Amino acid sequence: MPDLPELDPVVHGRLRLALLSLLSGVEEAEFTWLRAKTEATDGNLGAQLLKLEEAGYVAVKKKFVLRKPQTLYRITERGRQALTEYVQALKQLLGPAIDS
Amino acid sequence: MQGHTTEQELKDRLSLIESMIAEGRRNTESWGWTFVLWGVVYYLAIAWSAWGHRVWAWPVTILIAVIVTVVVASLKAGNHPETTLGRAIGSIWIALGISMFLLFLALGLSGRLTDQHLFVAVMSAILGMANGASALILRWKVQFACAVVWWVAAVITCFGTDAQSTIVFLVAIFLCQIVFGIYGVIAEAQERKRRPIHA
């Protein structure tokens, strides 16, 4: 029997997984856009984004637009790789149950 | 970890990934209004040309339309993230605006904007190219139909009379700018009604 793959705990968190998936479809996204899409609170969203940043899965950029601070997030190559591996592991774990 | 994770939870994670990727890529920008705006602009430029200001009518109206489009688009953009797809489509239309402005300004100033058939043919071909490229990227059949209308207009005007050329051009603007633009506005409004999927 083949070894079952481990799921990356950083990616597995529901909100972190949603964030990585959202960021995988865009070039970069603002904090406010991510908050609107996930309906998470500022505190929770900030904490989960920080975890992803510490893992090297997202990169953050701060800038000022019309004197207003803007925080932009983008998925890194490492983050994209982690998400891909997570999906592969999920599919492997689910096996035939994936279609049911 | 997976020892404590149920099959249902794993399926739920997979479906969350799919829905969030789709959500990120969903086109929440609204561009239907630009087609209506530019349709009106073309009609205004045609009317102004017919009034007797052929040299300035097209460059001035196109320049004003470009400025209005850029200002309104940047106000509407809000915090929507940029996607590669959105940038590709935007690039096509920005390049079209610059090409038309430069071409018609140069033709007007040089006094060579005298052949109506050539003007309609060039304009229709450029619009057919932009609509066609955009439709092929988006795999949008309705917009590709607009491209076909523009290409047909470009060919017909080369062989028709002055009156036929004018009618073809006016009809193409109505179908591909006004009608298509209103269709776009309605389609975008329906898209926005769909609730976002929460994490």
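This section describes a helix pair, a nonpolar core and a chain contact in a predicted model. Local features need pLDDT of at least 70 and side-chain atom pairs count only at pLDDT 80 or more, while totals for chains, interfaces and linings use all residues. Residues are numbered from 1 along each chain as its sequence is written, and chains are lettered from A in the order in which they are written.

Helices here are DSSP runs (H or I, at least four residues), numbered from the N terminus. In chain B, helix H5 (residues 116-138) packs against helix H6 (residues 141-159) at about 160°. Their axes, lines fitted to C-alpha atoms over the stretch in contact, lie 7 Å apart. Angles run from 0 to 180 degrees between N-to-C directions. H5(B) and H6(B) are therefore roughly antiparallel (over 145 degrees).

Trp150(B) belongs to the H6(B) side of this pairing. Contact requires C-beta atoms, placed from the backbone, within 7 Å. Beyond neighbours within four places in sequence, Trp150(B) touches Ser124(B), Leu127(B), Gly128(B), Asn131(B), Ala172(B) and Cys176(B).

The largest nonpolar core has 30 residues. Such a core joins buried Ala, Val, Leu, Ile, Met, Phe, Trp, Tyr and Cys residues through C-beta atoms within 7 Å; buried means 20 or more other C-beta atoms within 10 Å of a residue's own. Trp150(B), Ala153(B), Ala172(B) and Cys176(B) touch the most other members. A second, separate core of 24 residues includes Leu23(A), Leu34(A), Leu83(A) and Met20(B).

The contact between the chains takes 29 residues from chain A and 23 from chain B. On the chain A side, H2(A) gives the most, with seven residues.

Technical notes: Helices (H or I, at least four residues) and strands (E, at least two) are DSSP runs, numbered from the N terminus. Angles under 35 degrees count as roughly parallel, over 145 as roughly antiparallel, 65 to 115 as roughly perpendicular and the rest as oblique. Two residues are in contact if their C-beta atoms, placed from the backbone, lie within 7 Å. A residue is buried if 20 or more other C-beta atoms lie within 10 Å of its own, exposed if 12 or fewer, and partly exposed in between; C-beta atoms are placed from the backbone.
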